[in-house]
Amino acid sequence: MNGAKTSPLMRAYLVLFLSYLFLPLVIMGAATFNDSRFPTVTPWVAFTTKWFDALFADGKMWDALVSSLMIGAGVVLLAVPTGIAAALVLQSVHKKARTLLYGVMVSPLLTPGVIIGISTLIFWRERFGVGGGPLLTVIAQASFISGYVMLMIAARLERFDRTLEEAALDLGATQGKVFRRITLPYLAPSLIAAAFLAFLQSFENYNTTMFVRGTDTTLTVYIASKVRTGVTPAVNALGLILIGLTILGAVVYELRRRKTSPV
Amino acid sequence: MSALFRRHGWPLGLVMLLIVAFWIVVQVVLPQLLMIDFSFRPNLLPDEMGGPKDVLTLTNYETLWANSVHFGIFVKTIVASAAVTLLTLVVCYPIAFHLAYELKGPKAARLMLVLVIPFWINEILRTFAWYIVLAYAGPLNAVLVAVGILDEPMRFLDGNGGVMVGMVYAYLLFMVFPLYNAIESLDVAQVEAARDLGATWARIHRRVVIPHAKPGIATGCIMVFMLAAGSYAVPALLGSPNSRWFTEIIYNWFFEGGNWNQGAAYAFILLLLCVGFIFAMMKTFRVSLGELTR
């Protein structure tokens with residue numbers, strides 16, 4: 001049911017708003033194909049695809065990509081089990097403890113990313129002598145990404161029929177088997193979604209990573225450093241590829257989500 | 001706690017407890033506490049640590065008061081973040097109202113899907129897109145000069161304006177969603193009743209829609225303010241030395257000044273600012289923490 005008619009003013013505003021959202025991205029994409037030393041569309045010099053070649057020939061970009069992929073995998077491996085355990089532990093503690101525990105678990109989501117990076121850096125250097133690098137980046141990123149995973153798993157657990165577990169136990173299954181054969185398969189769709197989101201969060205993280213990366217350069221850090229020091233349209237080519245992949249991932253994610261959740 | 005072991009058995013239950021303990025204690029709580037402790041200690045050489053000079057002190061906090069440049073940037077960051085928050089609210093409110101009240105249902109879901117697309121994209125790339133748009137020789141200047149609004153190109157990337165536009169763009173969705181959720185539950189009959197009783201359009205919004213959307217406004221403002229005040233990426237890309245952000249000062253203490261204690265104090269001040277903002281919003285809009293994370 002429609003609540004009200006859309007006025008022409010609202011229509012105009014909507015057009016303006018959508019242009020605001022998408023025009024910058026279109027311009028960035030278009031600048032990839034401009035044969036100009038600096039990424040721009042004004043003036044338009046000539047059409048070229050040479051910036052893709054320049055990008056693929058850039059060894060540092062490939063190193064940064066590998067670093068991002070490894071850190072992303074590390075974050076998924078750490079944050080997903082943490083999120084599952086956290087959601088299950090949260091379900092089995094008493095109400096008062098639950099409120100407090102929940103508060104602590106979501107607090108990293110409400111903390112500025114730079115502060116998570118700083119506190120992780122200080123803690124690991126002072127207590128364990130571990131300096132900035134890929135390991136610390138994984139630990140720092142996972143400390144807040146685990147919170148997102150926990151929320152996603154907890155949302156699905158809420159609709160879980162616990163009697164399934166009890167029936168299996170009554171029929172003689174061990175608790176380990178119940179977890180493997182009933183709880184985990186039930187959680188599977190949100191696990192995949194959570195893993196995907198965790199990876200994306202890690203991949204695009206900048207604020208936290210800046211403090212804990214040491215001399216390691218992730219792809220996001222690489223892009224930012226390029227923009228600050230001598231940017232060429234090769235960065236646009238990289239951006240265009242990443243945007244393509246991200247939208248593809250988002251569409252797959254959305255389709256999966258719609259298939260698995262009846263709402 | 002025993003429920004956990006009853007449900008999953010002790011080996012699995014123990015593993016879960018250990019994982020959660022590692023997260024909560026080692027990844028979240030202890031680092032924060034150590035950062036705070038660190039901020040109250042002087043910057044010492046390694047062999048001075050634990051010695052007579054290793055005492056609790058407020059020196060690191062006094063630096064912010066004493067250093068007028070840093071203090072100015074701190075105040076600027078607060079004011080600019082508040083402005084970004086207000087601007088985002090103003091820009092998003094009509095869209096959220098349109099989505100939640102005028103469209104509703106599948107049409108709203110479709111438009112929402114379109115709105116979400118840019119936010120799947122890396123924040124650095126979205127900011128970089130604005131870097132191109134706002135550049136001195138960029139398309140915005142070209143258009144403004146061509147239409148005659150400007151006589152000559154402006155240096156958008158030299159001041160706080162570019163940073164703020166980039167931030168509004170980067171954090172829009174964190175405002176649209178909470179607003180949408182809040183307005184969606186508004187009863188159409190309430191608005192209709194107000195209209196039948198002769199209320200003007202502006203009055204309906206002021207007296208019916210906005211009061212109803214309060215929890216959404218509070219949530220959206222908290223998210224955007226925190227993201228803006230804590231942003232490092234946007235000012236780093238769209239700013240210049242003339243428009244430094246507080247996070248950049250913090251970064252410099254760590255990696256250029258080499259004074260981590262001083263940096264920790266500044267970081268803690270930033271954290272207190274954000275926590276303070278949350279409580280201020282909760283009090284102003286009279287919403288509870290439960291309503292915020294809903």
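What percentage of the 294 residues of chain B count as buried? In this predicted model, the share that count as buried is 43%. Chain B is built with 16 helices and zero strands. Its C-alpha trace extends over about 75 × 70 × 35 Å along the principal axes. The radius of gyration of chain B is 24 Å, whereas a compact globule of 294 residues would have one near 19 Å. Among the contacts in chain B that link residues at least 6 apart in sequence, 70% are between residues at least 24 apart.

B:Val114 lies in helix H5, which covers residues 105-120 of chain B. B:Val114 counts as exposed because it has 11 C-beta neighbours inside 10 Å, and the limit for that class is 12 or fewer. From B:Val114 to B:Tyr251 the separation is 137 residues in sequence and 36 Å in space, C-alpha to C-alpha.

In chain A, attention turns to a pair of helices. Two packed helices are described by the angle between their axes and the distance between the axes. Helix H3 (residues 59-91) and helix H8 (residues 175-204) of chain A pack with their axes 8 Å apart, at an angle of about 140 degrees. H3(A) is therefore oblique to H8(A). The crossing of H3(A) past H8(A) is right-handed. On H3(A), the residues that make the contact include A:Ile71, A:Val75, A:Val76 and A:Ala79; on H8(A), they include A:Leu187, A:Leu191, A:Phe199 and A:Phe203. The residues of this contact comprise 13 nonpolar, four polar and no charged.

Conventions
Residues are numbered from 1 along each chain as its sequence is written. Chains are lettered from A and ligands numbered from 1 in the order in which they are written. This is a predicted model: local features need pLDDT of at least 70, side-chain atom pairs count only at pLDDT 80 or more; totals for chains, interfaces and linings use all residues. Axes are lines fitted to C-alpha atoms, for helices over the stretch in contact, and angles run from 0 to 180 degrees between N-to-C directions. Helices (H or I, at least four residues) and strands (E, at least two) are DSSP runs, numbered from the N terminus. Angles under 35 degrees count as roughly parallel, over 145 as roughly antiparallel, 65 to 115 as roughly perpendicular and the rest as oblique. A crossing is left-handed if the near helix is turned anticlockwise from the far one by less than a right angle, and right-handed if clockwise. Two residues are in contact if their C-beta atoms, placed from the backbone, lie within 7 Å. Ala, Val, Leu, Ile, Met, Phe, Trp, Tyr, Cys and Pro count as nonpolar, Asp, Glu, Lys and Arg as charged, and the others, Gly among them, as polar. A residue is buried if 20 or more other C-beta atoms lie within 10 Å of its own, exposed if 12 or fewer, and partly exposed in between; C-beta atoms are placed from the backbone. The radius of gyration is taken over C-alpha atoms; the globule rule is 2.2 Å times the number of residues to the power 0.38.
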